[in-house]
Amino acid sequence: MNILSYLQRIGRALMVPVATLPAAAILVGVGYWIDPTGWGADNALAALLITSGNAILDNMGMLFAVGIAYGMSKDKDGAAALAGLIGFIVVMKLCSPAAIAMITGTPIEEVSTAFSKINNQFVGILVGVLSAELYNRYSSVELPQALSFFSGRRLVPILNSFLMIIVSFVLMFVWPVVYGWLVAFGESITNLGSAGAGLYAFFNRLLIPIGLHHALNSVFWFDVAGINDIPNFLAGQKTIAEGTAIPGITGRYQAGFFPIMMFGLPGAALAIYHCARPENKAMVGGIMMAGAFAAFFTGVTEPLEFSFMFVAPVLYVLHAIMTGISVYIAAAMHWIAGFGFSAGFVDMLLSSRNPLAVHWYMLILQGLVFFCLYYVVFRFTIKKFNLMTPGREMSATDQTDGYDVNMAKKDSNFAGNIQEEARQYIAVAGGSDNLTGIDSCITRLRLSVKDSGVVNERAVRSLGASGVIRLNKQSVQIIVGTRAELIAETMKEVMVKGTVVEAMTEIPQSEEDVLAEEKSKQKSESILTLIAPVTGELVKLEDVPDEAFSSKLVGDGIAIKPTSDTVFSPISGTVVKVFDTNHAVCIEAENGVEVIVHIGIDTVSLNGKGFERLIEEGVKVKAGEPILKLDLDYLNAHAKSMISPIVISNIDDYSGVNILAKENVIGKKSDLFQVIK
């Protein structure tokens, strides 16, 4: 799996804890509105609201550890979440100033101040990811009988507690260095004036994903380097009289954030909503509206930022750049407002009464400009590069936000049918007793069995499968078409619920005769012409070194041994499936023809290495549009074969294909074959 895909998994899992943040931000914002000076000390209701909201906001690191561990676990089990919680608690305890002082024998007052900032998002994300990976790898381990109580899922939190001791040991050395470097970096740009303010804001946003922005903030907002921007601004007339605050200067490290928090990010939220698929807009609209309101009213932007920073990093970089520009403009123009909590409406209104607030109302005009700028930039970038922001990648089999998303539950008949179909495939494969493993490729079930001879081929065909390939005594492949992954996952669910016995269903011969007769009556005419998706040497399908393809069980077509590194769409249509390992793509033409482009043989075993996905499921492509990028040197060295079949998976609906290509083909310029009806 490539880095971007992994980051997108983290981003989807983050939606679990991020969904709680808008409510927390609103609670704190309302409490601060009620009691802007005492922060709850002068009003019981304000204290209740602020304390309740901060209970969530102050523990974002823990929420991320739990949410990511749960969201990235293979079966969304509570044991993964428990492992994340235990892991975070261990790290927080071992890396606390008191523990560091005890372990190293250092007086607590000499312990690095970095450890007072160890409770942050970076540690939460790190712990969550490690916990999920540990769960996915060891949650099925069986211990000896004497220790069997601790087997499986119970084992993971125990293992994680030991793993986090190692992680804490590493952080003891690494964290102070990173924190100290950030402080030194901040101090080095304090003399750059307005440009330095913009540069600070740019890095402030870039560091938020890993929670290290607090180190940088301490330089500019507080008294680490003598700037002390927030306290000097809040003191108002007092600091003006003392000469520690200058109107038009004090507050420049805060002012430019208002147009971003109050206007820019809500503009981004609107763009994300408009770019979502129609069937997902209601859900995405709710998430974006809550996040936009929290950003505008309170200045808490994490709910919005974490919704796209991992699934579309390029958007987050653009967000950081625009934040830097905004802070620079405000500082250069001496449009100043400050905040005690964050750059939201509440703080802007309160700071308007401060004598250090200079032309603060101009920040509203600047904000309106940035609302439009964010909307245009985000919408253009999302559409241009087909970025998978919330609502654009959700499908029936996606785990969109870290929760189990089963769209089939909306249709009880469909849910029942897929469950029953999966149960029947288990039965015709010899039942639960014969199955030892279930996996899938883009068109086939890959089953590990005790005895492949037990698999009932005729019964398999009666379920709609194209055929059975017995690779050896323990391995069987069943060609089921592009629903293979869904069927395989449902088979796993059925297996967990109980035993399925072997079935001996047979298909009446007369049904096959009827199908053959109907097929023979079809008029032969060309309904679709495919262009060559890659440049290369033409290979007959019968010569492909894979029985499923060579026997035309998967479908009819032709194969190419690529000599070019870009794969183009052979037809215009909709991408209905891109396999997780990016080695195969299924595209459906408007007339219903399903075309599979399968790069290489058994390349699924390469786990995505050598392939770069250029399109996503659900998008429409035109013939000749790039869909995959290949690392041919790597693939030629590691693939079983680079002969790549291009087939019609639903060929039973048509009379066959007419081969047009010669010995060699030129990608996207040569006709490959015609589909005959």
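Trainee: Which residues touch the most other members of the largest nonpolar core?

Mentor: Those are Val 91 and Phe 220, in a core of 94 residues. Helix H13, residues 257-275, gives this core its largest share, with 12 residues. Keep in mind that this is a predicted model.

Trainee: Switching to helices: how far apart are the end C-alpha atoms of H7?

Mentor: They are 25 Å apart. Helix H7 covers residues 121-138, and at 1.5 Å a residue its 18 residues should span 26 Å, so the two values agree.

Trainee: Which residues of H7 are buried?

Mentor: The buried ones include Val 123, Ile 125, Val 127, Val 129 and Leu 134.

Trainee: New topic, Asn 456. Where is Asn 456 found?

Mentor: Look in the loop between strand E2 (444-449) and helix H20 (457-462).

Trainee: Is Asn 456 buried or exposed?

Mentor: Buried, because its relative accessible area is 12%, and the cut-off for buried is under 20%. The side chain of Asn 456 reaches the backbone nitrogen of Ala 459 at 3.0 Å.

Trainee: Now the sheet. What is the order of the eight strands?

Mentor: The order is E13-E9-E10-E11-E15-E7-E6-E17, in an open sheet with antiparallel pairing. E13 and E17 (664-665) are the edge strands, each pairing on one side only.

Trainee: How many bridges join E9 and E10?

Mentor: Five, in the antiparallel sense, between E9 (residues 573-578) and E10 (residues 584-589). One of the partners to look at is Val 585 in E10, across from Val 578. The hairpin has five residues between the strands, and Asn 582 there takes a positive phi near 65°.

Trainee: What about E9 and E13, how many bridges do they have?

Mentor: Two, and this pairing is antiparallel as well. E13 spans residues 620-621, and Lys 620 in E13 stands opposite Thr 574.

How values were computed. Residues numbered from 1 in each chain as written. Predicted model: local features only at pLDDT ≥ 70, side-chain atom pairs only at ≥ 80, totals over all residues. Heavy atoms only, no water. Core = buried A, V, L, I, M, F, W, Y, C linked by side-chain atoms within 4.5 Å. Buried < 20%, exposed > 50% of the residue type's maximum accessible area, 1.4 Å probe, protein only. Helix = DSSP H or I, 4+ residues; strand = E, 2+ residues; numbered from the N terminus. Polar contact = N/O pair within 3.5 Å; in protein donor to acceptor, adjacent residues only side chain to side chain. Expected span 1.5 Å × (residues − 1). Pairing = 2+ DSSP bridges.
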